[in-house]
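I opened this notebook to keep track of what I looked up in the structure. The entries follow the order in which I checked things.

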Amino acid sequence: MKAVLLVGGEGTRLRPLTYTTPKALLPIGNVAFLERQLAWLASHGIEEVVLSMGYLPEPFRAHFKDDRFDNVKLRYAVEESPLGTAGGIRFAAAGIKERFVVCNGDVLTTLDLSAMIKFHDARKAKASIYLCEVDDPSAFGVVPTREDGEVVGFIEKPPREQAPTNWINAGVYVLEPSVLEGIPDRVNVSIERETFPKMVESRKALYGFHWPGYWLDIGSPEKYLQANLDVLNGLLPRESTAIDPTAQLLGEVVDSVVGPDVIVAEGAVVERSVLQAGSRVGAGARVVDSVLGVGAKAHEGAVVVDVSLVGDGVELPRDSRVVGGRIAPAGYETQAQ
Ligand code: GDD
Ligand code: MG
């Protein structure tokens, strides 16, 4: 079976990390997010994956040698300008003639995809959407259904008080190729705002598969940190190393993920944080609830706390303080939150 992975969005909420590393390639427990997603898809019989890309396509090709990941064959569909989620699927799925799977490129899940495909086939659905339950649905596509799963509405990011249910679009779909016919070619179309709401109008076409297991969208700084802590706590399958064996830890490191070639100097403290490959924490520095990007350095005595993101290669001077900040590499603007 084939799958399309939507990895073309800019991941703006994870700037500055995503200025240089696409969201789908950010490490979660020292394994690139996309590798986790591909391993999960492969475990449910997916053999070929089209990466639907726009923003920063090159790092993907560099990451996957020979256009493969284990036994999964990779193809690349690169948009010249953003086509949106439905436009991206239509463009990437050109040539796919049998039912296929689509995933947002930022959802970590233990969904039983095989069970969802059976559910889809049993109902002869045109499209099935994986639904999960969250406390606050206002940041998601909200999807009320009938008892048998038939979708009766699709409301993208409604105000909280207008959400009819806490079950949301979890960003994994099973689609019949006929869905593609309803999406215009090479224009920006949103599956959440256009395609699905339109499909709701015809009966017995669109179904929701309720699945209560682990689910997380890694797309915000808090959730990116949470995903890494969840890996440490064993909530996700697939091998993970909390502390890469090439890291040198002289200071104190608690509940954190530490990548290859990282150095944490004496007297430094790192808590609930992610130190990406080659980053450094100088003597006496503190990094708490924060991320140091690839090769970033917090020099002696620096303090990086309260969900700060320090971009790839950034050097924080001695005794500097970053509190809930976003520090971009030279040449990229630093965004306020
Ligand atoms: N190829 C391509 N082209 N991909 C895109 C584009 C585009 O123009 N725009 C966004 N994407 C990709 C992103 O890279 C991401 O993997 C996925 O589409 C979803 O975009 P996000 O920006 O992460 O959307 P969201 O998290 O706000 O909302 C979506 O996900 C929620 C679940 O996490 C929606 O699908 C919601 O309905 C859903 O509840
Ligand atoms: Mg998202």
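Predicted model: local features only at pLDDT ≥ 70, side-chain atom pairs only at ≥ 80, totals over all residues.

**Entry 1: the metal site.** I looked up what holds the magnesium ion, which is ligand 2. I found that Asp 106 and Asp 217 coordinate the magnesium ion through OD atoms, at 2.1 to 2.3 Å. I then checked where the pair sits in the chain: the two are 111 residues apart and link distant parts of the chain. Asp 217 belongs to strand 14, while Asp 106 lies in the loop between strand 7 (100–104) and strand 8 (107–109).

**Entry 2: burial of the pair.** Are Asp 106 and Asp 217 buried or exposed? I found both of them buried. For Asp 106 the relative accessible area is 8%, and the cut-off is under 20%, so Asp 106 counts as buried. I also noted a side-chain partner of Asp 106: a polar contact of 2.7 Å joins its side chain to that of Lys 23.

**Entry 3: the shell around ligand 1.** How many residues surround ligand 1? I noted 25, and the closest are Leu 6, Ser 52, Asn 169, Glu 192 and Asp 217. By type, the shell divides into eight nonpolar, nine polar and eight charged residues.

**Entry 4: contacts of ligand 1.** I looked for N or O atoms of the protein by the oxygen atoms of ligand 1. In the side chain of Glu 192, such an atom is 2.5 Å from an oxygen atom of the ligand. A backbone N or O atom of Gly 105 lies 2.7 Å from a ligand oxygen, and one of Leu 83 lies 3.5 Å from a ligand oxygen. On its own, ligand 1 has 740 Å² of accessible area, and the protein covers 88% of that. Helix 4 (84–92), strand 12 (167–175) and strand 14 (215–217) are the elements that give two or more residues to the shell.

Entry 5: I turned to an open sheet of five strands and wrote down its order, 17-20-23-26-29, with parallel pairing. Strand 17 (257–258) and strand 29 (326–327) each have a single partner strand, so one side of each has no neighbour in the sheet. I followed strand 17 to strand 20 (residues 274–275): the two run parallel and are joined by two bridges. Across this pair, Val 258 stands opposite Leu 275 of strand 20.

Note on methods. Residues numbered from 1 in each chain as written. Chains lettered and ligands numbered in written order. Heavy atoms only, no water. Pairing = 2+ DSSP bridges. Helix = DSSP H or I, 4+ residues; strand = E, 2+ residues; numbered from the N terminus. Near = heavy atom within 4 Å. Polar contact = N/O pair within 3.5 Å; in protein donor to acceptor, adjacent residues only side chain to side chain. Areas by Shrake-Rupley, 256 points an atom, 1.4 Å probe, with all protein chains shown as cover. Nonpolar A, V, L, I, M, F, W, Y, C, P; charged D, E, K, R; others polar. Donors = N, O, S within 2.8 Å, 3.2 Å for Na, K, Ca; no water. Buried < 20%, exposed > 50% of the residue type's maximum accessible area, 1.4 Å probe, protein only.
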